[in-house]
Amino acid sequence: MRQIDNFIAGEYRAAASGRRFEKRSPVDNTVIASISEAGRPEVDAAVQAARAALHGEWGGLTTDQRVELLYGVANEITRRFEDFVEAEMADTGQPSHVMRHVFIPRGAANFKVFADVVKNVPTEAFQMATPDGAGALNYAIRVPKGVIGVICPWNAPFLLMTWKLGPALACGNTVVVKPSEETPNTAALLGEVMNAVGVPKGVYNVVNGFGPDSAGAFLTQHPGVDAITFTGETRTGAAIMKAASEGMRDVSFELGGKNAGIVFADADFDAAVDGIFRSAFLNTGQVCLGTERVYVERPIFERFVQALKLKAEAVKYGRPEDHAASYGPLISQEHKCKVLSYYAKAVEEGATVVTGGGVPDMPGELAEGAWVQPTIWTGLPETAAVVREEIFGPCCHIRPFDSEQEVVALANATDYGLSTTIWTTNLARAHRVAARVEVGITWINSWFLRDLRTAFGGSKQSGIGREGGVHSLEFYTETRNVCVKL
Ligand SMILES: NC(=O)C1=CN([C@@H]2O[C@H](COP(=O)(O)OP(=O)(O)OC[C@H]3O[C@@H](n4cnc5c(N)ncnc54)[C@H](O)[C@@H]3O)[C@@H](O)[C@H]2O)C=CC1
Ligand SMILES: O=C(O)/C=C/C=C(\O)C(=O)O
């Protein structure tokens, strides 16, 4: 069993209280790690270490020197690729091919892409007229915001953590990370990478624990934290926003979603079925960008439902290291209970269960894991709980529609606004619909195709702010204007 400690000022440290908590495997529910729970003293030490680094060697580096270190971090992640794959698989139980092709390479890319962004973004400048005719020149300088509190979820832990670390460090900040209590492994391993590459001590710190009355709350309430970036549930975002209001700290939030997939009758049928299948069931449906509401134009509705059903019934359950496995468990027993409660609620609300709706029959010790069946419903009104609330599981409700206007109204009838995916061969219509759907991210004839230079974030209750490319600089730096009288 792994022993995981907090990482503070370049050293692994157990909490002075001696408190530890267990991490259980999603695959078979065995205990796989014992984690030191940071209390206020450890959070305080981590914030102080981050502040000291800001005023020490790290703060004195040139942009080129920082960029070189971040390239070093990315290369060291790649060198230790198998260790990261193994650590993430242990935490999430997801198939190794998802780790190998998406989550771990993307973690390394997050450091390189933002190193390139800071090197290449020009400085804003404005010339202005003055009464004496000589004029003045305004130019902007960007300075790091300071110590950034980074609060992460469990669903794509390494990708989502590094998506924040890459730009934060590239901009010259220091960080204190609070990984999800469900997925502490890769954040701990990254400490070894930082030390191996020579990132100065205190630049990267990790405190483990839970949210309320634990490391998450202690970190977000800490007056030494200058800004907070958070990915997770909308309700948690509201609690963090309250904490951040003390001291007027800035926040960047990537929150929940109840994303719509829209399939027009003229879509490339097989591509649309594949795309909606991935968006509903990848990572066992635990993707914030995933589709839980599918709207299909009536002429192809029945055929579409049957095609998606066949694909959902063909998933191969298995341990992450089993190369034949295409589908993993949910993150935890707790999340399994939540998802199964929605499966029961759908039936109570009168859904037709097209497929799934329960727990698969798993062999041997896998029977103890957090497995649930991929599930498809039809026949529910838009007011049903499973059509309105984010479930964050491998399930979707499919409903027919008859017009473009109707489907835009259906897609927008939600408090969330993260992403949508539109499938049609009529590109004029695709652009029209994309402009009217109230979300931060729209894909046309694709899903989860990510260019890290683009703006990423949610509308309505799905988030505050945008990260990605130069948008990340807006959050991770402070812009100061200098006006020079000529
Ligand atoms: N918009 C986006 O980009 C993404 C959003 N998500 C959302 O994340 C959720 C799933 O992740 P979870 O880990 O369950 O979310 P969560 O909100 O329960 O927890 C996220 C993190 O916040 C911490 N936390 C909880 N309460 C806190 C508090 N009061 N103060 C400070 N920290 C606190 C947790 O310990 C964890 O590290 C889903 O709702 C999903 O939609 C997930 C991935 C991406
Ligand atoms: O690509 C990103 O930056 C974010 C991706 C989000 C997920 O992978 C997720 O929420 O699962």
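**Enclosed and open space**

Tutor: About 130 Å³ of space lies in the largest cavity, where a cavity is a set of points, on a 1 Å grid over the protein atoms alone, at which a 1.4 Å probe fits but cannot get out, and where the volume is the space filled by probe spheres set on the points, which are joined across faces, edges and corners. This cavity is lined by 15 residues, and Leu-159, Leu-160, Cys-288, Leu-289 and Phe-448 are the closest to its centre; a lining residue has an atom within 4 Å of a point.

The model is a predicted one, in which local features need pLDDT of at least 70 and side-chain atom pairs count only at pLDDT 80 or more, while totals for chains, interfaces and linings use all residues. Residues are numbered from 1 along each chain as its sequence is written, chains are lettered from A and ligands numbered from 1 in the order in which they are written, and side-chain values use heavy atoms, with hydrogens and water left out.

To the lining of the largest cavity, α4 (96-120) and α5 (157-170) each supply at least two residues, and α5 gives the most, with three; helices (H or I, at least four residues) and strands (E, at least two) are DSSP runs numbered from the N terminus. By class, this lining holds 10 nonpolar, three polar and two charged residues, with Ala, Val, Leu, Ile, Met, Phe, Trp, Tyr, Cys and Pro taken as nonpolar, Asp, Glu, Lys and Arg as charged, and the others, Gly among them, as polar. In total the structure holds five cavities of 30 Å³ or more.

The largest pocket contains about 1200 Å³ of space, a pocket being an open set with protein on both sides within 12 Å along at least five of seven lines. Its lining has 46 residues, with Trp-154, Ser-180, Glu-181, Glu-233 and Thr-236 nearest the centre, and α8 provides the largest share, five residues. The lining of this pocket divides into 19 nonpolar, 15 polar and 12 charged residues.

As for the annotated site, an unreviewed UniProt entry lists Glu-254 as "active site", and such annotations may be inferred rather than shown by experiment. Glu-254 lies in strand β12 (residues 250-254) and counts as buried because its relative accessibility is 5%, the limit for buried being under 20% (1.4 Å probe, protein chains only). Beyond its neighbours within four places in sequence, Glu-254 is in contact (heavy atoms within 4.5 Å) with residues including Phe-230, Phe-456 and Glu-467.

Terms used:
Buried means under 20% relative accessible area, exposed over 50%, partly exposed in between (1.4 Å probe, protein chains only).
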